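I opened the model today to look up a few local features. My notes follow in the order I took them.

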Amino acid sequence: LSSQLRKLASKLLQAVVRRTPGDSQCWGNAMLRELDFVETDWAALWWALGSAAAIFRHSIPREVAAWVGKQSGWLKQETLRSMARKATGLGTGVVISISVSMACIFGLTHVSPFLFPELHLAQMRWAQYMSVLWIPETIFVMAAVALWRRRRAMSVGILVSAITLMTHFMIYVSTHG
Amino acid sequence: MKRDLRLSPQTLMVLDTFLDAPRSWKYGYDISRNTGLRSGTLYPILMRLAERKLLETSWESSEPGVPPRHLYRLTSDGMKFAREHVVRTGKERIVRVALGGVKS
């Protein structure tokens with residue numbers, strides 16, 4: 001029984017040390033080596049159990065800290081990535097809106113005289129409102145609704161542009177009559 | 001760093017043991033026998049002292065085929081720290097006796 005106890009103590013501590021990482025393993029080996037000098041078998045078993053507890057107390061907080069550090073680093077990276085994705089989507093939405101507005105204005109000033117030269121649409125106020133405000137705003141709202149689920153950031157960019165254009169138009173009308 | 005070291009009666013006992021022969025290396029099991037502390041109490045103290053650079057460790061060079069033993073002794077900072085905290089009034093010795101330490 002005596003030698004069995006010592007063997008058990010030794011095997012137990014060896015198993016713990018084998019599964020312990022880095023610095024804790026060095027301490028574990030130190031404790032394991034001292035086991036050979038413990039006089040009685042029961043004392044050896046207690047030594048092994050105490051050593052295993054000491055190793056766990058040393059290694060577990062380090063493992064947890066390393067894991068948390070890794071996770072927080074990953075989260076940080078994910079947050080940055082997500083922010084970059086959103087900013088790109090928002091910017092794209094604004095660029096698309098500006099392009100649509102420019103295309104509408106270009107259509108009124110350059111395409112309509114070519115297609116309907118006798119109508120002089122570029123000089124008509126309703127046509128100006130239509131091409132500068134109502135057509136782009138309609139396109140913006142439709143695009144924002146269509147993109148809301150799949151490309152939320154881009155949709156928000158388009159809506160921001162729509163609101164800006166509408167606000168600009170209202171200020172212009174109120175100041176210029 | 002040294003300030004946040006928890007100076008439990010057990011830590012003071014370990015420091016006191018080192019002060020008995022400040023420059024000599026000691027084995028873990030010998031410290032355990034001198035202080036009466038079990039491995040589960042002794043080694044966390046040694047680890048904390050080593051982390052705070054109060055204790056230096058070394059592997060004993062041994063014959064081929066024989067695994068080396070780990071050795072410990074106080075650093076100069078450790079000695080200063082131990083002398084500050086242990087050799088004051090002998091109060092800690094009373095604590096040690098109360099805890100059932102082996103040495104007087």
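Predicted model: local features only at pLDDT ≥ 70, side-chain atom pairs only at ≥ 80, totals over all residues.

I looked up Ser32(B) and found this residue buried, because its relative accessible area is 8% and the cut-off for buried is under 20%. Ser32(B) sits in helix α2 of chain B, which covers residues 28–35.

I then listed the neighbours of Ser32(B), leaving out residues up to four places away in sequence. Ser32(B) touches Leu37(B), Arg38(B) and Leu42(B), and also Trp47(A). For Leu37(B), I noted that its backbone oxygen is 2.6 Å from a polar atom of the Ser32(B) side chain.

Chain B has a mean pLDDT of 83, with 79% of its residues at 70 or more. The model's ipTM is 0.81 and its pTM is 0.58.

Next I turned to helix α2 of chain A, residues 22–34. Its 13 residues should span 18 Å at 1.5 Å a residue, and I found the end C-alpha atoms 19 Å apart, so the two agree. I also noted buried residues in α2(A), among them Trp27(A), Met31(A) and Leu32(A).

Last, I looked up the largest pocket, which has a volume of about 220 Å³. Which helix gives the most to its lining? I found that α4(A) does, with five residues. Both α4 (125–147) and α5 (152–176) of chain A supply at least two lining residues each. The lining includes Arg125(A), Tyr129(A), His168(A) and Tyr172(A).

Definitions and conventions:
Residues numbered from 1 in each chain as written. Chains lettered and ligands numbered in written order. Heavy atoms only, no water. pLDDT = per-residue confidence, 0-100. Helix = DSSP H or I, 4+ residues; strand = E, 2+ residues; numbered from the N terminus. Expected span 1.5 Å × (residues − 1). Buried < 20%, exposed > 50% of the residue type's maximum accessible area, 1.4 Å probe, protein only. Polar contact = N/O pair within 3.5 Å; in protein donor to acceptor, adjacent residues only side chain to side chain. Contact = heavy atoms within 4.5 Å. 1 Å grid on protein atoms, 1.4 Å probe; cavity = no way out; pocket = protein on both sides within 12 Å on 5 of 7 lines; lining within 4 Å. Points joined across faces, edges and corners; volume = space filled by probe spheres on them.
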